[in-house]
Amino acid sequence: MNRREFTRRASMLTIATAGAGMVAACDDGNGAVAAPEPTPTPTPTPTAAPLPTAMFAGEPLVLSEPMLQLPTADSVRVVWFTEFKGRDHAVRYGTNFAMQVVATSTPLSRMYEDASSTVGGRSYTGLTQRDVWKHEAVVPALKAGERVPYVAVSNDGVKPMRSGEATLQPLPAAGQKTRILLTSDLQLKKMASANYERVFETQGPIDGILFAGDLVNVPNRASEWFDNSVLNLPPFFAALQGTMRKWQPASTYTGGALLQNGWIYPIPGNHEYSGRWNTANDLNTMFNDPQPRWYAEIAYEKVKATVNPSDDAAIRERWITDNSFELVSYEEIFTLPQGPEGGRYYAQRIGDMFLIAMDGNRIWRNWSATSEGKLSEAPASMNNPAEWGFGDFQFHPFARGSRQYRWLQEVLASEAYRTAKYKVVMVHQSVFGLGDNATPVMAQTQASFEYTDAAGAVQVLGPLAFPIDPATWNAQIQPIIDAKRMRFVKYDYPLAADLWRNDIEPLLIGAGVQLVHVGHSHLWCRSKVGTLNYIETSNVGNSYGAYVENLTARRTAVPAPNALTAVTGFTWNQDDYPREGDPHDRVMFTPTLRNPMVELAGAAAPVPFVSSNDITAYSIFDTATGMISSYAFDTRFPARDPIKFDEFALI
């Protein structure tokens, strides 16, 4: 019996049986995790109680199988979710599952559905909160390199039930072989369940997952995480836990039991951020409606006498968050190492690898120059900034001068980082590449304001780089808006001002980082600058295209010069928005072994990417060899095996 057949049967047996650190500036040299305990770690106790016979997989109110999170040198957390508070939640582990550790239970505060949700036979006419509970147990006294069998158990108040069997382990020791999946951008996309099923069948057991953002589309819609029932739109946990047919019985692919057996380190993508919180709107509207925090802080000063007359700090923070953007659901679902600003960015030593997880996100807008987009605002809202989108603004600063940048410098100087064999950075946004999202580059948004003065003459204020300080806004911009004289708002993202290229890339190269793992454009491509490798391996569920000179140009671009003369005299510098290739002309590598776009997609000649809505790609990092191997699978032919198409060494 080959490995694929063995793992397939093991997966089916489980389903059938189931009911048909952050590293501080002054670290200890071992990359210890600094993360608060949700409660004091319970003491394990022996138990001879028989395991329940009812299985999670047969219970629609059990929303997930267990997930492994936040391993340390001798422990790991086990996390699962239910639609009931229940009781007696615990993890049973060890020989004959004779040891038990009790779980803590916490409700998730922003799990909702609306008319766009599909959950089995349920329908929702308006915004409806769901009762979702997170159960979390810390399994202690583990040894590196030893996998321990475990199950999670819960009681809904009527009967006990349990998960399928899986194995857990703590962080690997130095020198221990570790195999890690590099992935991103699941987002309910159709090929994702096939992708993770093939990873599980052909590569399992995977020790860990580095997930480079965009886990779902709308982060506060519970069904996108757990139980969306629309065929071929896989929920996050179902795809990564091999439980697709629990929610979509006719699904061709089951997904793979990866989260039960390997810990996951995610980072937020732009889809983990949701916009202004307003329960009069639906979830899609709120998700697409963020505004910069700096503008919310300016707006707060105008209303604080009414909404917060005592200027209570907690009320102020809540108002500003509710009127800008938030990460609530992401932060509640995952227990992560902690950086200076929570789990948005963090660092962790993982055996021979040192991981730096960064937050380099901005909102995605469309390319229109006559609506709320990357380039301008809708004409009807020119004098109403409460309706502005503020272009592709950055959620949090990451470049030189920011808290994240200073933290990055501290991490790169740490003993845990310097002594690691492999040095890896993970960031979601396209900081290189051939994808549609590679432009505009990660420059700070620059705004220019065209208006008429008191004499009726047309004037231009700017360009002003974000964030705009309150004094400038209140003295120069707000009077124009109050007088209804704003004619046009223009946003620019100069290629020469790319913050990643200018500030971050040289810092990483100077510190010996060997790999930057990114997502966002839903394709596979890679490049190298000096000793720094870039890889985007996000063609997991679909693709938005790859754009190469003499092959195809990006489907979106800034308006051509003078295309908007009827609206404004503004034009954009076309050189700032390249139509093909990497924006900074980095050399893109053709796959080293085979070319999936030729062999599987019928391309006429080899190309330096995988971009397809039928062919899905994944990459595996093996710390024993230092190799990153990439595979492609044609989802139109379930019986075929994936092909290995690219391989390269980090050292």
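A nonpolar core is a set of buried Ala, Val, Leu, Ile, Met, Phe, Trp, Tyr and Cys residues joined through side-chain atoms within 4.5 Å, where buried denotes under 20% relative accessible area with a 1.4 Å probe and protein chains only. In this predicted model, local features need pLDDT of at least 70 and side-chain atom pairs count only at pLDDT 80 or more, while totals for chains, interfaces and linings use all residues. Residues are numbered from 1 along each chain as its sequence is written, and side-chain values use heavy atoms, with hydrogens and water left out.

**Nonpolar cores**
- The largest nonpolar core has 171 residues, and Phe-236 and Trp-500 have the most contacts inside it.
- Helix H7 (residues 293–307) supplies the largest share of this core, 6 residues; helices are DSSP runs of H or I with at least four residues, numbered from the N terminus.
- Apart from this core lies another, of 6 residues, including Val-218, Leu-283, Met-286 and Phe-287.
- Not counting residues up to four places away in sequence, Phe-236 touches (heavy atoms within 4.5 Å) residues including Leu-186, Phe-211, Trp-225 and Phe-334.

**Overall fold and dimensions**
- The protein chain contains 14 helices and 27 strands, a strand being a DSSP run of E with at least two residues.
- Along its principal axes, the C-alpha trace spans about 85 × 65 × 50 Å.
- Of the 651 residues in the protein chain, 60% are buried.

**Charge**
- The mean positions of the 56 positive and 67 negative charges are 4 Å apart, with Lys and Arg counted as positive, Asp and Glu as negative, and His and the chain ends not counted; each charge is placed at NZ of Lys, CZ of Arg, CG of Asp or CD of Glu.

Definitions and conventions
Buried < 20%, exposed > 50% of the residue type's maximum accessible area, 1.4 Å probe, protein only.
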